[in-house]
Amino acid sequence: MKFFVDTADVDAIAELNELGFADGVTTNPSLILKSGRDILEVTKEICAMIDGPVSAEVVALKADDMIAEGRKLAKIADNIAVKVPLTWDGLKACKVLSGEGKMVNVTLCFSASQALLAAKAGATFVSPFIGRLDDINIDGLDLIEEIRTIYDNYAFKTEVLAASIRSVNHVSECAKIGSDVVTAPPEVLKKLAQHALTDKGLAAFMKDWEKTGQNIL
Ligand code: E4P
(Lines give C-alpha, C1' and ligand atoms only; values in the text may rest on other atoms or scores of the structure.)
Protein backbone atom coordinates (compact mmCIF):
# COMPACT_ATOMS: atom_id res chain seq x y z
CA MET A 1 0.00 0.00 0.00
CA LYS A 2 1.27 3.44 -0.92
CA PHE A 3 1.50 6.25 1.64
CA PHE A 4 0.68 9.74 0.47
CA VAL A 5 1.25 12.62 2.88
CA ASP A 6 -1.78 14.84 3.31
CA THR A 7 -0.12 18.22 3.86
CA ALA A 8 1.51 21.22 2.20
CA ASP A 9 4.13 21.44 4.96
CA VAL A 10 7.43 20.91 3.12
CA ASP A 11 9.46 20.14 6.25
CA ALA A 12 7.07 17.36 7.27
CA ILE A 13 7.12 15.96 3.72
CA ALA A 14 10.94 16.03 3.65
CA GLU A 15 11.21 14.07 6.91
CA LEU A 16 8.86 11.33 5.71
CA ASN A 17 10.39 11.27 2.24
CA GLU A 18 13.86 10.57 3.66
CA LEU A 19 12.47 7.36 5.17
CA GLY A 20 10.72 6.36 1.96
CA PHE A 21 7.33 6.98 3.58
CA ALA A 22 6.14 9.60 1.07
CA ASP A 23 5.04 7.83 -2.10
CA GLY A 24 3.07 10.94 -2.99
CA VAL A 25 1.45 14.04 -1.52
CA THR A 26 -2.09 15.38 -1.43
CA THR A 27 -3.02 18.99 -0.85
CA ASN A 28 -6.32 20.86 -0.81
CA PRO A 29 -7.33 24.52 -0.42
CA SER A 30 -7.51 24.19 3.39
CA LEU A 31 -4.00 22.70 3.55
CA ILE A 32 -2.67 25.48 1.29
CA LEU A 33 -4.24 28.02 3.67
CA LYS A 34 -2.63 26.25 6.64
CA SER A 35 0.79 26.38 4.95
CA GLY A 36 0.54 30.14 4.44
CA ARG A 37 2.27 29.66 1.06
CA ASP A 38 1.39 30.52 -2.53
CA ILE A 39 -0.22 27.45 -4.18
CA LEU A 40 1.93 27.48 -7.33
CA GLU A 41 5.14 28.07 -5.42
CA VAL A 42 4.65 25.48 -2.69
CA THR A 43 3.30 22.87 -5.11
CA LYS A 44 6.36 23.31 -7.34
CA GLU A 45 8.63 22.84 -4.32
CA ILE A 46 6.79 19.68 -3.25
CA CYS A 47 6.87 18.24 -6.80
CA ALA A 48 10.64 18.69 -6.89
CA MET A 49 11.04 16.81 -3.59
CA ILE A 50 8.76 13.86 -4.35
CA ASP A 51 8.97 11.33 -7.20
CA GLY A 52 5.33 10.24 -6.92
CA PRO A 53 2.04 12.02 -7.62
CA VAL A 54 1.37 15.39 -5.98
CA SER A 55 -2.32 16.30 -5.93
CA ALA A 56 -3.16 19.96 -6.47
CA GLU A 57 -6.81 20.94 -6.31
CA VAL A 58 -8.77 23.15 -8.67
CA VAL A 59 -11.06 25.72 -7.07
CA ALA A 60 -13.41 26.53 -9.96
CA LEU A 61 -16.90 25.05 -9.92
CA LYS A 62 -17.68 24.95 -13.65
CA ALA A 63 -16.13 22.23 -15.82
CA ASP A 64 -14.50 24.59 -18.34
CA ASP A 65 -12.89 26.64 -15.59
CA MET A 66 -11.76 23.49 -13.77
CA ILE A 67 -10.17 22.27 -16.98
CA ALA A 68 -8.32 25.58 -17.45
CA GLU A 69 -7.10 25.52 -13.84
CA GLY A 70 -6.18 21.85 -14.15
CA ARG A 71 -4.09 22.51 -17.26
CA LYS A 72 -2.27 25.32 -15.45
CA LEU A 73 -1.61 23.19 -12.37
CA ALA A 74 -0.42 20.28 -14.54
CA LYS A 75 2.22 22.56 -16.07
CA ILE A 76 3.91 22.88 -12.66
CA ALA A 77 5.53 19.44 -13.01
CA ASP A 78 5.09 16.04 -14.62
CA ASN A 79 4.07 14.45 -11.31
CA ILE A 80 1.03 16.67 -10.72
CA ALA A 81 -2.30 14.91 -10.22
CA VAL A 82 -5.08 17.41 -10.83
CA LYS A 83 -7.63 17.16 -8.03
CA VAL A 84 -11.25 17.81 -8.99
CA PRO A 85 -14.35 17.51 -6.80
CA LEU A 86 -16.82 14.67 -7.29
CA THR A 87 -19.54 16.81 -8.87
CA TRP A 88 -21.07 16.50 -12.34
CA ASP A 89 -18.77 19.29 -13.53
CA GLY A 90 -15.82 17.67 -11.79
CA LEU A 91 -16.51 14.43 -13.67
CA LYS A 92 -16.61 16.33 -16.97
CA ALA A 93 -13.26 17.93 -16.10
CA CYS A 94 -11.90 14.50 -15.11
CA LYS A 95 -12.88 13.02 -18.46
CA VAL A 96 -11.19 15.82 -20.42
CA LEU A 97 -8.03 16.08 -18.31
CA SER A 98 -7.51 12.32 -18.08
CA GLY A 99 -8.08 12.15 -21.87
CA GLU A 100 -5.16 14.55 -22.22
CA GLY A 101 -3.00 12.09 -20.31
CA LYS A 102 -2.98 14.01 -17.03
CA MET A 103 -3.31 12.23 -13.70
CA VAL A 104 -6.63 13.11 -12.07
CA ASN A 105 -7.62 12.62 -8.43
CA VAL A 106 -11.39 12.85 -7.94
CA THR A 107 -11.90 14.05 -4.40
CA LEU A 108 -14.74 14.48 -1.90
CA CYS A 109 -16.13 11.00 -2.65
CA PHE A 110 -18.71 9.82 -0.13
CA SER A 111 -20.51 6.95 -1.89
CA ALA A 112 -19.85 3.84 -3.96
CA SER A 113 -21.97 5.19 -6.80
CA GLN A 114 -19.84 8.34 -6.95
CA ALA A 115 -16.70 6.18 -7.04
CA LEU A 116 -18.16 4.16 -9.92
CA LEU A 117 -18.64 7.34 -11.96
CA ALA A 118 -15.12 8.56 -11.16
CA ALA A 119 -13.67 5.32 -12.52
CA LYS A 120 -15.80 5.50 -15.65
CA ALA A 121 -14.66 9.11 -16.18
CA GLY A 122 -11.05 7.90 -16.25
CA ALA A 123 -9.86 9.00 -12.80
CA THR A 124 -6.35 7.93 -11.82
CA PHE A 125 -7.38 8.10 -8.16
CA VAL A 126 -10.66 8.35 -6.28
CA SER A 127 -10.55 9.84 -2.79
CA PRO A 128 -13.23 8.51 -0.41
CA PHE A 129 -13.20 10.58 2.81
CA ILE A 130 -13.32 8.11 5.72
CA GLY A 131 -13.03 10.49 8.66
CA ARG A 132 -15.77 12.84 7.49
CA LEU A 133 -18.15 9.87 7.14
CA ASP A 134 -17.22 8.68 10.63
CA ASP A 135 -18.02 12.22 11.82
CA ILE A 136 -21.66 11.71 10.76
CA ASN A 137 -21.80 8.19 12.23
CA ILE A 138 -21.37 6.31 8.96
CA ASP A 139 -18.51 3.82 8.93
CA GLY A 140 -16.07 5.23 6.38
CA LEU A 141 -14.17 1.95 6.16
CA ASP A 142 -17.29 0.24 4.79
CA LEU A 143 -17.11 2.60 1.82
CA ILE A 144 -13.50 1.65 1.13
CA GLU A 145 -14.55 -2.01 1.13
CA GLU A 146 -17.49 -1.34 -1.24
CA ILE A 147 -15.35 0.60 -3.71
CA ARG A 148 -12.62 -2.09 -3.59
CA THR A 149 -15.24 -4.73 -4.47
CA ILE A 150 -16.72 -2.70 -7.33
CA TYR A 151 -13.35 -1.81 -8.84
CA ASP A 152 -12.18 -5.43 -8.60
CA ASN A 153 -15.44 -6.74 -10.10
CA TYR A 154 -14.84 -4.77 -13.27
CA ALA A 155 -11.03 -4.45 -13.20
CA PHE A 156 -11.18 -0.65 -13.08
CA LYS A 157 -7.68 0.82 -13.08
CA THR A 158 -8.63 3.77 -10.85
CA GLU A 159 -6.73 3.55 -7.56
CA VAL A 160 -8.59 3.76 -4.26
CA LEU A 161 -6.95 6.59 -2.31
CA ALA A 162 -8.39 6.50 1.20
CA ALA A 163 -8.51 10.07 2.51
CA SER A 164 -9.61 12.00 5.59
CA ILE A 165 -7.57 9.57 7.65
CA ARG A 166 -7.71 10.37 11.34
CA SER A 167 -6.16 7.38 13.11
CA VAL A 168 -3.66 4.55 13.03
CA ASN A 169 -6.63 2.18 12.91
CA HIS A 170 -7.86 3.82 9.70
CA VAL A 171 -4.49 3.11 8.08
CA SER A 172 -4.21 -0.52 9.18
CA GLU A 173 -7.83 -1.28 8.29
CA CYS A 174 -7.37 0.28 4.82
CA ALA A 175 -4.33 -1.93 4.33
CA LYS A 176 -6.38 -5.03 5.27
CA ILE A 177 -9.17 -4.07 2.87
CA GLY A 178 -6.70 -3.52 0.05
CA SER A 179 -6.90 0.22 -0.47
CA ASP A 180 -4.24 1.11 -3.04
CA VAL A 181 -3.19 4.27 -1.22
CA VAL A 182 -3.85 6.07 2.04
CA THR A 183 -3.23 9.76 2.36
CA ALA A 184 -2.68 10.73 5.97
CA PRO A 185 -1.46 13.75 7.91
CA PRO A 186 2.23 13.48 8.94
CA GLU A 187 1.23 13.11 12.62
CA VAL A 188 -0.85 10.01 11.85
CA LEU A 189 1.91 8.44 9.73
CA LYS A 190 4.40 8.99 12.56
CA LYS A 191 1.97 7.48 15.09
CA LEU A 192 2.06 4.20 13.13
CA ALA A 193 5.42 3.57 14.82
CA GLN A 194 4.05 3.92 18.34
CA HIS A 195 3.03 1.16 20.74
CA ALA A 196 2.76 1.36 24.53
CA LEU A 197 4.45 -2.04 24.93
CA THR A 198 7.39 -0.88 22.79
CA ASP A 199 7.88 2.10 25.11
CA LYS A 200 7.52 -0.08 28.22
CA GLY A 201 9.89 -2.74 26.90
CA LEU A 202 12.48 -0.17 25.90
CA ALA A 203 12.38 1.49 29.32
CA ALA A 204 12.98 -1.90 31.00
CA PHE A 205 15.89 -2.72 28.67
CA MET A 206 17.46 0.71 29.35
CA LYS A 207 17.18 0.19 33.10
CA ASP A 208 18.88 -3.22 32.93
CA TRP A 209 21.53 -1.97 30.53
CA GLU A 210 22.48 0.81 32.92
CA LYS A 211 23.02 -1.85 35.63
CA THR A 212 25.52 -3.72 33.42
CA GLY A 213 27.79 -0.67 33.47
CA GLN A 214 28.77 -1.43 29.86
CA ASN A 215 29.07 0.78 26.76
CA ILE A 216 28.79 -0.26 23.12
CA LEU A 217 30.81 2.69 21.79
C1 E4P B 1 -7.61 14.36 0.84
O2 E4P B 1 -7.14 14.47 -0.24
C3 E4P B 1 -7.99 15.48 1.71
O4 E4P B 1 -7.00 16.46 1.53
C5 E4P B 1 -7.98 15.15 3.17
O6 E4P B 1 -7.67 13.79 3.40
C7 E4P B 1 -9.16 15.64 3.93
O8 E4P B 1 -9.02 15.28 5.28
P9 E4P B 1 -9.88 15.94 6.45
O10 E4P B 1 -11.26 15.41 6.38
O11 E4P B 1 -9.18 15.51 7.70
O12 E4P B 1 -9.82 17.42 6.22
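Guide: In this predicted model, the side chains of Lys83 and Glu57 meet in a salt bridge, with 3.7 Å between N and O. Lys83 belongs to strand β4 and Glu57 to strand β3 (residues 54–57), so the pair ties together parts that are 26 residues apart in sequence. As a general principle, side chains of opposite charge can pair when their charged atoms come close.

Are the two partners buried or exposed? Lys83 has a relative accessible area of 4% and therefore counts as buried, since the limit for that class is under 20%. Glu57 is also buried, at 12% relative accessibility.

Strand β4, where Lys83 is found, covers residues 80–85. Leaving aside residues up to four places away in sequence, Lys83 touches Thr26, Thr27, Asn28, Ser55, Ala56, Glu57, Val58, Asn105 and Thr107.

Lys2 is partly exposed, with a relative accessible area of 31%, whereas Lys83 is buried.

A further salt bridge is formed by the side chains of Asp180 and Arg148, at 3.0 Å from N to O. This pair links distant parts of the chain, 32 residues apart: Asp180 is in the loop between α9 and β8 (181–184), and Arg148 is in helix α8. Asp180 is partly exposed, with a relative accessible area of 24%, while Arg148 is buried at 12%. Salt bridges also link Arg37, Glu41 and Glu45 in a network.

Asp134, Asp139, Asp142, Glu145 and Glu146 form a negative surface patch. Helix α8 (residues 140–153) supplies the largest share of this patch, with 3 residues. Asp134 is placed in helix α7 (residues 130–135) and counts as partly exposed, at 30% relative accessibility. Over the protein chain, there are 23 positive and 31 negative side chains, and the centres of these two sets lie 3 Å apart.

The surface has a nonpolar patch too. Leu202, Phe205, Met206, Trp209, Ile216 and Leu217 make up this patch of about 780 Å². Phe205, one of its members, has its place in helix α11 (residues 196–212). With a relative accessibility of 59%, Phe205 counts as exposed. Another exposed residue is Ala48, at 70% relative accessible area, which is found in helix α3 (residues 39–49). Ala48 and Asn79 are 31 residues apart in sequence, and their C-alpha atoms are 9.0 Å apart in space.

Two points of backbone geometry deserve attention. Most residues other than glycine have a negative phi. Leu108, however, has a positive phi near 60°; this residue is found in strand β5 (residues 103–109) and is partly exposed, with a relative accessible area of 30%. Ser164 likewise has a positive phi, near 55°. Ser164 is found in the loop between β7 (159–162) and α9 (168–177), and at 9% relative accessibility it counts as buried.

The protein chain has 11 helices and 8 strands, and its C-alpha trace spans about 70 × 40 × 30 Å along the principal axes. Of its 217 residues, 46% are buried; Lys83 and Glu57 both belong to that class. The chain exposes about 11,600 Å², of which carbon and sulfur atoms supply 55%. Among contacts between residues at least 6 apart in sequence, 57% join residues at least 24 apart. The salt bridge between Lys83 and Glu57 ties together parts that are 26 residues apart in sequence, one in strand β4 and the other in strand β3.

Technical notes
Residues numbered from 1 in each chain as written. Predicted model: local features only at pLDDT ≥ 70, side-chain atom pairs only at ≥ 80, totals over all residues. Heavy atoms only, no water. Helix = DSSP H or I, 4+ residues; strand = E, 2+ residues; numbered from the N terminus. Buried < 20%, exposed > 50% of the residue type's maximum accessible area, 1.4 Å probe, protein only. Contact = heavy atoms within 4.5 Å. Areas by Shrake-Rupley, 256 points an atom, 1.4 Å probe, with all protein chains shown as cover. Lys, Arg positive; Asp, Glu negative; His and termini not counted. Charge placed at Lys NZ, Arg CZ, Asp CG, Glu CD. Patch = residues over 30% accessible without salt bridge, like charges linked within 9 Å, V, L, I, M, F, W, Y side chains within 5 Å. Salt bridge = Lys/Arg side-chain N within 4 Å of Asp/Glu carboxyl O.
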